[in-house]
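Please read it alongside the sequence and the coordinates displayed below.

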Amino acid sequence: MRASMAPSHLKAMPHDLLGLLESENLRDATVVGWSYGGPISIIAARKDASRIGRLVLIGSAGPSDDLQEPPAAMALLSSGPVRWYLAAVPAMGRGLQSGLRVAAFSGGQQPEWWLPNLAANFAKPNMRATYYAEGERFMENELGIEELDLAILVLHGDDDNLAPLAMGDWLARHGRNSKLQVVEGGSHMIPITHASELADSIQAFIAGSLAMDTP
């Protein structure tokens, strides 16, 4: 993504991420970006490759050769009428949050804490505006992932209704040193539903990357 095209939060969040790495005096770090955190991580790596040694993109948002429009759930939640209802009709807002939960987990089992957590997040100042802005840029096709030389692992569920697998496939194909690992039956919430599987994959990825970097 070119800096001139990025909205303010897409400029701020990579900057904040790099600031955190700098404050902890971290270099060659493995950064894991989930959902919209994927593009944020890619942009941060482009800005300062010395801080980020490898990337893991989980259910990452991004462009796709197959999708010309945002996924239906994202398009619905970003539409003008829905924005108005969320703000003006609390019951409607709760209903849409419940629907988002179903879409996020692709109809699968959901932990009891997830919906209250989502409602608490939406109640925070500026949360809705940020969420809508992210939705509008969900399929940004100028991330610049092809400019990165670092190793990238793309972990993506094949039943992701919010960031379809085609997005993960695109990112893996356009990264210079990228690998796609598909999580069978995985929704957008694989960090919750497939935590152990993802942890094992990330650990193996880091070990392999470090071995390749060692003379």
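The points that follow are grouped by topic.

The structure is a predicted model. Its largest nonpolar core has 20 residues, and a search of the whole structure finds six salt bridges.

**Nonpolar cores**

- Within the core of 20 residues, those with the most contacts are Ile 42, Ile 52, Leu 55, Leu 57, Ile 152 and Leu 171.
- At least two residues of this core come from each of helix H1 (8-23), strand E1 (29-34), helix H2 (37-47), strand E2 (52-58), strand E3 (151-157) and helix H8 (165-174).
- Another core lies apart from it and has ten residues, including Val 56, Ile 58, Ile 202 and Phe 205.
- Leaving aside residues up to four places away in sequence, Ile 42 touches Leu 55, Leu 57, Leu 143, Ile 145, Leu 148 and Leu 171.

**Helices and their burial**

- Helix H2 is largely enclosed by the rest of the structure, because eight of its eleven residues are buried. These are Gly 38, Pro 39, Ile 40, Ser 41, Ile 42, Ile 43, Ala 44 and Ala 45.
- Ala 12 is located in helix H1 and is partly exposed, at a relative accessible area of 34%.
- In helix H6 (residues 114-122), Trp 114, Leu 118 and Phe 122 are buried. Seen down the axis of H6, the buried residues fall within an arc of 70°, so they line one face of the helix. An α-helix has 3.6 residues a turn, so residues three or four places apart point the same way.

**Surface patch**

- Trp 34, Trp 113 and Ile 192 form a nonpolar patch on the surface, and together they have about 290 Å² of accessible area.
- Trp 34 belongs to strand E1 and is partly exposed, with a relative accessible area of 33%.

**Salt bridges**

- Asp 28 and Arg 54 meet through their side chains in a salt bridge (3.3 Å, N to O). This pair links distant parts of the chain, with Asp 28 in the loop between H1 and E1 and Arg 54 in strand E2, 26 residues apart. Asp 28 is partly exposed at 40% relative accessibility, whereas Arg 54 is buried at 3%.
- Asp 48 forms a salt bridge with Arg 51, with the closest N and O atoms 4.0 Å apart. Asp 48 is partly exposed at 24%, and Arg 51 is buried at 8%.
- The side chains of Asp 65 and Arg 173 also form a salt bridge (2.5 Å, N to O).

Notes. Residues numbered from 1 in each chain as written. Predicted model: local features only at pLDDT ≥ 70, side-chain atom pairs only at ≥ 80, totals over all residues. Heavy atoms only, no water. Core = buried A, V, L, I, M, F, W, Y, C linked by side-chain atoms within 4.5 Å. Buried < 20%, exposed > 50% of the residue type's maximum accessible area, 1.4 Å probe, protein only. Helix = DSSP H or I, 4+ residues; strand = E, 2+ residues; numbered from the N terminus. Contact = heavy atoms within 4.5 Å. Patch = residues over 30% accessible without salt bridge, like charges linked within 9 Å, V, L, I, M, F, W, Y side chains within 5 Å. Areas by Shrake-Rupley, 256 points an atom, 1.4 Å probe, with all protein chains shown as cover. Arc of directions from axis to C-beta.
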